[in-house]
Amino acid sequence: MKFQVEARKRILQGSGASRRLRRQKRVPAIVYGGAAGPQLIDIDHNEILLNLGKEAFHASVLTLNIDGVAESVVLRDSQRHPWKPLILHCDFQRVDAKTRMHTKVPLHYTGQEESDAVKVDHCLVNHVLTELDIACLPANL
C-alpha cells in the first residue's frame, strides 16, 4: 500500500508558530536525514490523523510531497494530545533506496481459533513477540 502525504514548507518555528498552525488545522512536522538536512514542514491535520489510524502507515515507506517535490520518508515519531484526538507533531526520516534501514514491523498471528489445542484442550495462546526489529532496504519493507 502506497501512502502519499501533502505537505508545505514552513519558515516560522517555536511554540507560538506551532500553536497558530494547530489553530489552522495544520500539524507542524520535521523531515530529517539525508544530505539535505532538516526541513520544517506542516501537514493537514485530518489527513495525518486518518493515516495514523492505519497500521501500515507506521511500517512503510511514504511519499511526502513538499510543495510539489516528492521525497521518500518513513514516519519515526508522532506526538498526540493526551486525551483529545489531536496530533501535535510528527517526525519523518528521509530514506535512500540504496541504504539499509532499521525499523520495527508489527506481527499478526492467525489460526489460533482453528488450532486443536485451543478447541479441544482449551489451551491459551500467548504471543511473546508483537513486533520485529529488522534491517533491510526500503523497497523490501
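Colleague: In which strand does D42 lie?

Modeller: D42 lies in strand β3. Strands (E, at least two residues) and helices (H or I, at least four) are DSSP runs, numbered from the N terminus. The model is predicted: local features need pLDDT of at least 70, side-chain atom pairs count only at pLDDT 80 or more, and totals for chains, interfaces and linings use all residues. Residues are numbered from 1 along each chain as its sequence is written, and side-chain values use heavy atoms, with hydrogens and water left out.

Colleague: Is D42 buried or exposed?

Modeller: The classes rest on relative accessible area: buried means under 20%, exposed over 50%, and partly exposed in between (1.4 Å probe, protein chains only). D42 has a relative accessible area of 2% and is therefore buried.

Colleague: How many salt bridges does a search of the whole structure find?

Modeller: A salt bridge is a side-chain nitrogen of Lys or Arg within 4 Å of a carboxyl oxygen of Asp or Glu. The search of the whole structure finds four. Among them is the pair of D42 and R8, whose closest N and O atoms are 2.8 Å apart. This pair links distant parts of the chain, with D42 in strand β3 (residues 39-44) and R8 in strand β1 (residues 3-9), 34 residues apart. R8 is partly exposed, at a relative accessible area of 35%.

Colleague: With which residue does D42 form a salt bridge whose closest N and O atoms are 2.7 Å apart?

Modeller: That partner is R26. Here too distant parts of the chain are linked: R26 is in strand β2 (residues 26-32), 16 residues from D42 in strand β3. R26 is buried, with a relative accessible area of 15%.

Colleague: Which residues do salt bridges that share partners join into one network?

Modeller: The network consists of R8, R26 and D42.

Colleague: With which side chains does the side chain of D42 make polar contacts?

Modeller: A polar contact is a pair of N or O atoms within 3.5 Å; within protein, one must be able to donate a hydrogen and the other to accept it, and residues adjacent in sequence count only if both atoms are side-chain atoms. The side chain of D42 makes such a contact with the side chain of R8 at 2.8 Å, and another with that of R26 at 2.7 Å. For contact in general, the criterion is heavy atoms within 4.5 Å. Leaving aside neighbours within four places in sequence, D42 is in contact with residues including A7, K9, L21 and V27.

Colleague: Which residues form a nonpolar patch on the surface?

Modeller: Patches are made of residues with over 30% relative accessible area and no salt bridge; like charges are joined within 9 Å, and nonpolar side chains (Val, Leu, Ile, Met, Phe, Trp, Tyr) within 5 Å. Accessible areas come from the Shrake-Rupley method with a 1.4 Å probe, and for residues only the protein chains shown count as cover. In this structure Y109, V128, L129 and L132 form such a patch, with about 400 Å² of accessible area together. V128 is found in the loop between α4 (116-119) and β8, and V128 counts as exposed at 72% relative accessibility.
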